[in-house]
Amino acid sequence: QASGTISVSITMKIVFLLATKPLSFFPFTISHTARLPTDLLVLTVATAETDGFSRFLRSAKLFNYTVKVLGRGEEWQGGDYMAPGGGQRIRLLKAALEEMKEEQEKTILFIDSYDVVFASGPKELLKKFQQSGHRVVFSSETLIWPDRHLEDKYPHVREGNRFLGAGGFIGYLPNVKTMVADWTGEDHDSDQLFFTNIYINPEKRKSINITLDSRCRLFQNLNGALDEVVLKFEDSRVRARNVLYDTLPVIVHGNGPTKLQVNYLGNYIPKVWTFETGCTECHQNLRPLTGIQVTIGVFIQQPTPFLAVFFERLLNLQYPKNRLKLFIYNQESHHKKQVDSFLEGHGGLYQDVKVVGPEGADTDSISSRNLGLDLCRQDKQCKYFFSVDSEVVLKNKDTLKILIEQNLPIVAPMITRPGRLWSNFWGALSADGFYARSEDYVDIVQGRRVGVWNVPYISSVYLVKGDVLRSGIPDYDLFSSDTQDADMAFCTSVRSKGVFLYVTNMHTFGRILSVENYQTKHLHNDLWQIFENPVDFEERYIHPNYSLIMKNKLIETPCPDVYWFPMFSEVACDHFVQEMEHFGQWSGGGAVDKRIQGGYENVPTIDIHMNQVGYEKEWHKLLLDYVAPITEKLFPGYYTKCESNLNFVVRYKPDEQPLLRPHHDASTFTINVALNTKDVDYQGGGCRFIRYNCSVEAPRKGWSLMHPGRLTHYHEGLPTTGGVRYIAVSFIDP
């Protein structure tokens with residue numbers, strides 16, 4: 001055994017081996033009192049405190065590693081991972097080691113930090129190191145870099161990776177000092193090549209006693225090994241498991257172009273999120289909400305439904321308006337009226353307002369986003385920039401507070417599209433930098449995993465720290481790219497600076513509208529959104545008490561077999577009336593009517609048909625979704641497809657058509673919705689059912705009457721004596 005008593009049953013075999021093999025044959029130290037070295041020091045180079053470095057320190061602190069950081073405050077001259085470099089790391093390491101006393105058993109772990117996570121503690125690391133039987137152990141890789149011509153000089157291994165990785169090694173202090181003693185290179189020279197030349201030199205390899213962690217027991221380099229590594233959840237901890245060698249590495253390193261993959265693993269390892277605890281770090285390092293100034297950037301870049309509601313929700317955000325500045329970019333002339341209306345009514349509440357409008361503006365959508373961020377960057381009082389696109393539906397009034405409290409560099413509230421797996425973040429990227437689905441994406445979107453997630457892409461709505469704008473991503477142009485759209489370019493720019501992007505689904509924040517098929521040819525275009533954005537249509541246009549009809553039996557019976565229930569909101573009623581008046585082509589009320597089959601109307605009204613304003617399909621959808629369920633409840637055994645032979649809005653005026661003579665409707669049943677209010681908009685009016693001598697003289701705005709059509713409910717429209725009365729009528733058959 002590596003540390004402990006040797007079993008008597010194998011004593012003879014060990015004696016035989018000792019007699020026939022050199023000590024270097026054994027993979028571990030054979031000693032009755034074998035013990036682990038306890039004096040471990042972790043050395044790493046970090047010239048800047050990036051988000052990745054903070055993650056590294058958190059994982060080290062969790063396991064009580066002793067870490068010494070080299071190079072703080074220095075300018076980095078070692079290049080990047082895309083090209084050979086890193087010599088600065090060896091220079092700093094060599095200088096640090098020269099200051100240390102020679103201690104044979106002192107162990108040095110030299111490791112990258114920006115893209116490294118500890119998955120376990122020093123005890124396991126040191127045990128595995130001792131079991132190697134060598135004085136220095138390097139991480140290993142499947143790929144040779146930076147000089148593939150050296151491949152033939154590498155010693156072969158019995159199993160595992162053959163090539164050295166310079167991003168991590170562990171060794172005893174004297175051996176490590178000897179290994180770096182000959183370094184005389186420049187900061188931009190390759191550390192990988194330096195260590196490779198030592199390793200492939202048989203004499204140096206033997207004298208220093210170097211080996212590779214070929215089976216990834218200590219170190220897991222991800223480059224070239226992504227298919228080998230999976231998450232392993234165990235007892236409120238998460239490990240990375242190498243399925244090829246069935247090992248549990250202590251250290252996970254996103255070397256080379258695998259930064260996004262280590263970010264994904266870092267969402268879990270070592271105890272960030274587990275099935276038992278959920279998110280363990282989501283409530284740490286929170287920021288108090290005291291006097292924090294925020295600039296809100298609103299971007300209207302295409303015709304957008306329900307924009308008036310968007311501004312209502314913006315106004316309802318629970319945050320002191322005197323601590324908010326507004327930057328509004330509106331690319332659409334169609335929406336100038338809504339923007340002006342909002343600012344006229346509420347602009348004075350904000351600390352400052354800047355508007356870039358569509359008329360004569362040279363600013364395009366990309367420039368506007370750069371400008372918005374720079375307004376905060378240049379304002380030292382601006383602590384955060386909150387970017388929100390006009391198609392975002394923020395239902396949570398505390399969204400801004402929640403995001404600020406998270407105290408993250410860039411964080412987005414997760415929003416989704418109802419009934420779909422679409423969201424405003426990507427869990428992974430494809431090889432060409434576009435969307436790819438991560439293994440946990442569906443669980444996050446559907447709320448089975450709740451937390452704060454490091455992701456490669458966010459869009460539509462997010463919060464950026466002002467300090468990050470000023471120091472982490474100070475470049476003015478973050479949104480331009482020849483190959484990517486603005487959001488992708490922004491995320492690429494941010495990631496290239498080592499700044500993490502987060503999304504949180506710890507709260508329900510809202511959703512995003514579909515804007516692809518939004519038309520602007522009507523007065524109230526939102527009325528046509530019942531197909532594209534049914535949830536928003538319902539919130540805007542269906543009576544707020546409609547959902548209570550079945551639950552609380554919110555249906556009245558003012559006359560026999562006449563049912564009365566809430567259907568439309570007041571806004572819907574107003575918009576239908578205004579839409580019809582805007583269209584303006586009211587019928588003359590004569591019997592000859594070319595709009596209907598046969599061309600003759602027995603009981604004519606002054607009206608406009610729904611198909612005249614292009615609302616026939618939408619009205620049928622409305623009947624199916626909101627009338628059919630009630631019909632089937634009130635008339636058991638009757639099922640309707642709501643195939644209506646006539647849908648129209650009627651106008652009654654004393655000097656035009658004040659009433660309607662007694663008649664039967666050409667329908668199985670009829671609905672009649674009041675679109676305005678008696679004694680406010682008109683006087684008189686109502687409907688009288690003659691057989692029952694029963695009248696509904698004060699119909700409520702937005703409420704619908706439903707009654708049989710052909711046989712029993714002979715009825716008349718009572719005279720309108722003042723003002724103008726509007727009703728929406730459908731003859732439904734069957």
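**View 1. Asp443 and its contacts.** Asp443 touches Arg448 and Arg449, leaving aside residues up to four places away in sequence. Contact here means heavy atoms within 4.5 Å. Asp443 sits in helix α13, residues 441–445. Helices (H or I, at least four residues) and strands (E, at least two) are DSSP runs, numbered from the N terminus. Asp443 is buried, with a relative accessible area of 18%. Buried means under 20% relative accessible area, exposed means over 50%, and partly exposed lies in between (1.4 Å probe, protein chains only).

**About the model.** This is a predicted model, in which local features need pLDDT of at least 70, side-chain atom pairs count only at pLDDT 80 or more, and totals for chains, interfaces and linings use all residues. Residues are numbered from 1 along each chain as its sequence is written, and side-chain values use heavy atoms, with hydrogens and water left out.

**View 2. Lys259 meets Asp115.** The side chains of Lys259 and Asp115 form a salt bridge, at 2.4 Å from N to O. Lys259 lies in helix α8 (residues 259–266) and Asp115 in the loop between β3 (107–111) and β4 (116–118), so the pair ties together parts 144 residues apart in sequence. A salt bridge is a side-chain nitrogen of Lys or Arg within 4 Å of a carboxyl oxygen of Asp or Glu. Side chains of opposite charge can pair when their charged atoms come close. Lys259 is partly exposed, at 23% relative accessibility. Asp115 is buried, at 9%. The structure holds 38 salt bridges.

**View 3. Arg313 meets Glu539.** The closest N and O atoms of this salt bridge between Arg313 and Glu539 are 2.9 Å apart. Arg313 belongs to helix α9 (residues 307–315) and Glu539 to helix α16 (residues 534–541), so the pair ties together parts 226 residues apart in sequence. Arg313 is buried, at 18% relative accessibility. Glu539 is partly exposed, at 37%. Both residues belong to a network of salt bridges that links Arg313, Lys395, Arg511, Asp536 and Glu539.

**View 4. Lys325 meets Asp379.** A salt bridge joins the side chains of Lys325 and Asp379, at 3.0 Å from N to O. The pair links distant parts of the chain: Lys325 is in strand β15 (residues 324–330), and Asp379 is in the loop between α11 (365–378) and β17 (382–389), 54 residues apart. Asp379 is buried, at 15% relative accessibility.

**View 5. Aromatic rings.** The structure holds 43 aromatic pairs. One of them joins Tyr268 and Trp273, edge-to-face, with 5.9 Å from centre to centre and 85° between the planes. Rings of Phe, Tyr and Trp (its six-membered ring) pair if their centres lie within 6.5 Å; planes under 30 degrees apart count as stacked, over 60 as edge-to-face and the rest as tilted. Tyr268 is buried, at 0% relative accessibility. Trp273 is buried too, at 5%. Elsewhere, Phe110, Phe138, Phe169, Trp183, Phe194 and Phe195 form one aromatic cluster.

**View 6. Charges over rings.** Arg205 lies over the face of Tyr199, 5.4 Å from the ring centre. The charged end of Arg700 sits over the ring of Trp703, 4.5 Å from its centre. A charge sits over a ring if NZ of Lys or CZ of Arg is within 6 Å of the ring centre and within 35 degrees of the ring normal.

**View 7. Asp593 in its loop.** Asp593 lies in the loop between α18 (570–583) and β30 (607–609). Asp593 is buried, at 12% relative accessibility. The side chain of Asp593 makes a polar contact with the side chain of Arg595, at 2.8 Å. A polar contact is a pair of N or O atoms within 3.5 Å; within protein, one must be able to donate a hydrogen and the other to accept it, and residues adjacent in sequence count only if both atoms are side-chain atoms. Asp593 also touches Gly599, Tyr600, Glu601 and His609, not counting residues up to four places away in sequence.

**View 8. His575 in helix α18.** His575 lies in helix α18. His575 is buried, at 12% relative accessibility. Beyond residues up to four places away in sequence, His575 touches His524, Leu527, Arg540 and Tyr541.

View 9. The end C-alpha atoms of residues 643–734 lie 7 Å apart. The span is 0% helix and 53% strand.
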